Structure formats: structure tokens, C-alpha cells
Amino acid sequence: MDLIKDACENWGFFEVLNHGIPYDFMDRVESLTKEHYKKCMEQRFKELVASKALEGLQAEVTDMDWESTLFAPSP
């Protein structure tokens, strides 16, 4: 756990290899995550762009690659 904590605090990410999670399960999680971002986060992003009037930033998001994003709250 100390190594994971260190990686998160100092690097911002970590990779887990040889975890034994079945590929079909990971594919399903990826699919659900993309669906979630497509429905929820894209609209929030567009609202943020509109509310901040960010010049030069497209409100049209077509290629979101956030399937590897995972939030794990601290105990």
C-alpha cells in the first residue's frame, strides 16, 4: 500500500501488471466507463466551457480516452 500511495502522490498514476482480472470483465468496465463519460462528463465539460467562455477551446468533444480513469476514495 505504501508503494501505491507513493506512486499516486509523486507520479499521479500507477500500473498493475499480472493482476489476474479477466479480459472480458475489463472490456465491460471500459465500455461502461466510456458510456458514463459520454452521457455525463461530456455535458459537464460543455457547460464548463460555456460558463467560463474559454476562447479557442472546442465545446465538441469527440475523442475522450478516459477509460483508464478510476477514482478510489481514501479509507
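Is E9 buried or exposed? Select E9 and show its surface: E9 is exposed, with a relative accessible area of 55% (buried is under 20%, exposed over 50%, partly exposed in between, with a 1.4 Å probe and protein chains only).

Before going on, note that this is a predicted model, in which local features need pLDDT of at least 70 and side-chain atom pairs count only at pLDDT 80 or more, while totals for chains, interfaces and linings use all residues. Residues are numbered from 1 along each chain as its sequence is written, and side-chain values use heavy atoms, leaving out hydrogens and water.

K5 is partly exposed at 47%.

Next, select E30 and K34. The search of the whole structure finds two salt bridges, and here E30 pairs with K34, their closest N and O atoms 3.3 Å apart. Look along helix α2, residues 23–52, to see E30 and K34 four residues apart. E30 is partly exposed at 26%, and K34 is partly exposed at 40%.

Last stop: select V16, in the loop between α1 and α2. V16 is partly exposed, with a relative accessible area of 46%.

Notes
A salt bridge is a side-chain nitrogen of Lys or Arg within 4 Å of a carboxyl oxygen of Asp or Glu. Helices (H or I, at least four residues) and strands (E, at least two) are DSSP runs, numbered from the N terminus.
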